[in-house]
Amino acid sequence: MKKTTLILISVLLIFSCRKEDSENFDGPDLNDLFGPFSIVQDIEINKNIADFTVDNTLHFTGELSKNTQWNISITGAITGATRSITGSERVISVDNSAWDGGANSFPGFGLETAYIEISFPKEDGSPILYDTITITGNKVDAGYLITSFENGEGTNWSKFNQTTVAGAITCGDGNAAKGNCYYSFTGSVPWDWAIGSVMIQPTTPTFGLPASASNLYFNMGFKPIENIGDGNTFIQFWFDEDENGDGTFDLATEDRFIYEYWYQDTGWNLISYKYSDIQFDTDGNQVSTNGNGLPEPAKLISINVFYLANKDNGNAKAYIDHLIFTTNKPYTP
Amino acid sequence: MTPYTLFNNLEEGVINEADVFALRREIVHYDMFYNQDNSWRMQGAKMNFGLEFANGIEAIDVKGFITRQRPTDGITEPERLYGGGTLTIKQNENLSFGFNSVNIFDLNETIQDSIQYKNNVHTFNLLYTKQMKENIKMGLKSEAGMSGAKYINYKDTRAPESINDYFYDVALIANLEDKNITLELGYKDVGAEFLSPGAQTKRINYSKFPGLYQQITNQATGRPISYSDVISGNTENSFRISEELMPYYSAYNNMNPYGVATPNRRGIYINGKRTDSLKFKNSFVNAALMTQSKGTGTNLKKRFIVLEAGTDVYLNDFIGLKKQLKLDLGIRYENTSRSGEVYEKVNLNSTLIDAGVSWEFAEKLDLLVGAKLWVVKGNTYVNLRNQFNAIENFDILDYNFSENTYASGLRYRFNDKNTLTAQYQFFDIKHKNTTSVNYGISQFTFLYSLTF
């Protein structure tokens, strides 16, 4: 019996050897929830002149007294482009505050001064910090740029404008979504919805896009200015594919995929969709084309951007800019 | 079963309670099926059997049960069962030990989804006593075990795969038989993630509003539960085991809100009890000094001190009355503290004085008087947990109030199980801060109690 007792006591003693856990605690940190806020190490930018074509990114460094939300807002002095970086970590570093020169949406940043504002929205009475940087080189977009209208009209492009419409590239007025230039349509067409179009064709046989449509996104900036409102204006894209590789498009035997983007908002809209999705209509049904019916970006030889607006609403005006294909994800300005 | 496996813990605020309050509480307990043996009322099947041996082991007792914890809704909630049992081996008069197991589990075939919740608690307990001298018996009382909870195929990303922890509770006991005194000196450590729903379910859900007078003042301010509501059964009470650690009211109990099995507590305790003497009966003194075994929100740990004492004084024996004149006295003091930075500091004092008189001034006719006086002052943080028992936030609480309940009445005892009582109860709560509302409630009650 003594043996049994000793065994049982031994078992209890083994149980009693709980490791002291003073490094961890349960729940969120009280310091983060209720602790005082202060900036332990000044928040600084690693450079005040940024050439994103060379440097790729800039970042912020600093340390706070607690984990709390911080917002870094960057605004272009000329373009009005904005970029927000938010976080809630106590330490601000390259891991959580890197900026590649891109904007949240169109318009993108240009070669300009950018204003920086750093705030702590959950900390009452906290300071708001300000700084500036100078952008001397814009970020290089990853993707297949069709045109940003920076180099004028291509030799193979063709345009259509109603007789009362002016459709042309405009540069240098600060209204571009990206860079310095954009394409503008403006005019009144009381007899028809069709305002104008620009058919973009490469100087090479194709645009040099990859073969797979399933991970390829088409992107473009669209800014409706006049004749706006739900159901009043839209962009129609025609994607013409040279299926037999003869260097020309034959509507009777080859695929023309048409995609429509209707007005959603004023300001620059970023139109992005997967190229493989153009074979379906809005109800998910296969659209009818005269070729094999398969989106094949490697065979794309023409993109027609067609602007239409309600003929009863007077003057129509819209800008388009920055046609670019991206892989795996939509474009980020 | 044991306080760490399946145990229906008594609600807060009972410390040698006066008869005038106990009368009403007994009705509530009877109504809610809260039995005196701290068992839970469940529907299901059970079996008991015992074996006696001629040699080696004196006896083995086996108990088992299986109950339905929750029916399936056929869509998202699978059928949930709760089962377990004990195996107690009595070696001889001085030594017995047992194995206890309680398990919650889902029948995943009862819905199309494959989610499953499991909670298993397994413990060993040991009781060893030895006659040291003629009137002194000493021994060791202990229980140790582990819990494991699993959330299988839950889509909620907050659901942990498993939570495991353990506990132990070891006490030296001494029984001074000639003086009717029992002493207990123990140490326990209950892990921060020890989850035993059967032992940690609270009787009262303090996050709910009381059943009556839910709003007060012209601004229709929500009225939280008061102790008057607890006495009257005017609260939302538990009828089944809760898999989640229920909200508790830190002003009443901070050290053991979930009973002895409250997770994240470790420390020493000493309990002394004198069961009978000529003029004092049921006297007891308890003290405990506990800390958290793991900090909450900070590495610093809360410390808890609890002192309890109570006795029944038979004044009739002092002054020579033939009929009973009994004074019930009880006091409980609890201090919770934590050092550190301003935002970490905790210092909360809660004192409950429980007192009453029952005087049989005529044959079978008693005059009953009682008072419960709470004084609570200080601050604390209370854990706010999600349905997976993980702490997601903290509630900052700053108390400075006194809450007093007084009652008086007459009781006529037809016999032991048949009584008629008329009593008046008055309750008021006074806050010393300006943000809370002071108010009071008076009640007059006729209570006829026939137990059969």
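Q: How many helices and strands does chain A have?
A: The model is a predicted one. In it, chain A has 4 helices and 20 strands.

Q: Why is chain A described as more spread out than a compact globule?
A: One compares the radius of gyration with the value that the globule rule gives for the chain length. For the 333 residues of chain A the rule gives 20 Å, but the radius of gyration is 28 Å, well over that value, so the chain is more spread out than a compact globule. Along the principal axes, the C-alpha atoms of chain A fill a box of roughly 105 × 55 × 40 Å.

Q: What share of chain A is buried, and what share of its contacts joins residues 24 or more positions apart?
A: Of the 333 residues, 32% count as buried. Among the contacts in chain A with a separation of 6 or more, 74% are between residues 24 or more positions apart.

Q: How many strands form the open sheet in chain A, and in what order do they stand?
A: The order in a sheet is read from strand to neighbouring strand. Here 5 strands of chain A form an open sheet, in the order β11-β14-β19-β16-β17, with antiparallel pairing. The edges are taken by β11 (158-161) and β17, each of which has a single partner strand, so one side of each is left without a neighbour in the sheet. On average, neighbouring strands of this sheet are turned by 15° against each other, direction ignored.

Q: How many bridges join the paired strands, and which residues stand opposite each other?
A: Each pair may be taken in turn. β11(A) and β14(A) run antiparallel and are joined by 4 bridges; in this pair A:Lys159 faces A:Val198 of β14(A). Next, β14(A) pairs with β19(A) over 6 bridges, also in the antiparallel sense, and A:Ala194 stands opposite A:Leu308 in β19(A). The antiparallel pairing of β16(A) with β19(A) extends over 9 bridges, with A:Asp240 opposite A:Ser302.

Q: Is β14(A) mostly covered or mostly open, and how do side chains lie along a strand in general?
A: In a regular strand the side chains alternate between the two faces of the sheet. As for β14(A), 5 of its 7 residues are buried, and the strand is mostly covered.

Q: Which residues have the most contacts inside the largest nonpolar core?
A: That core has 44 residues, and A:Tyr182 and A:Ile320 have the most contacts inside it. Several strands of chain A supply at least two residues each, including β13 (181-188), β14 (194-200), β19 (300-309) and β20 (315-327). Apart from this core lies another, of 23 residues, among them B:Phe21, B:Ile231, B:Leu352 and B:Leu368.

Q: Which residues does A:Tyr182 touch, leaving aside those up to four places away in sequence?
A: Its partners include A:Phe149, A:Thr170, A:Ala177, A:Tyr319, A:Ile320 and A:Asp321.

Q: Where does A:Ser214 lie, and why does it count as exposed?
A: A:Ser214 lies in the loop between β14 and β15 of chain A. It counts as exposed because it has 9 C-beta neighbours inside 10 Å, where the cut-off for exposed is 12 or fewer. A:Ser214 and A:Glu296 are 82 residues apart in sequence, and their C-alpha atoms are 9.7 Å apart in space.

Q: What scores accompany the model?
A: The model scores ipTM 0.81 and pTM 0.77. For chain B the average pLDDT is 90, and 100% of the residues score at least 70.

Key:
Residues numbered from 1 in each chain as written. Chains lettered and ligands numbered in written order. Predicted model: local features only at pLDDT ≥ 70, side-chain atom pairs only at ≥ 80, totals over all residues. Core = buried A, V, L, I, M, F, W, Y, C linked by C-beta atoms within 7 Å. Buried ≥ 20, exposed ≤ 12 C-beta atoms within 10 Å, placed from the backbone. Contact = placed C-beta atoms within 7 Å. Rg over C-alpha atoms; globule rule 2.2 N^0.38 Å. pLDDT = per-residue confidence, 0-100. Pairing = 2+ DSSP bridges. Axes fitted to C-alpha atoms, helices over the stretch in contact; angles between N-to-C directions.
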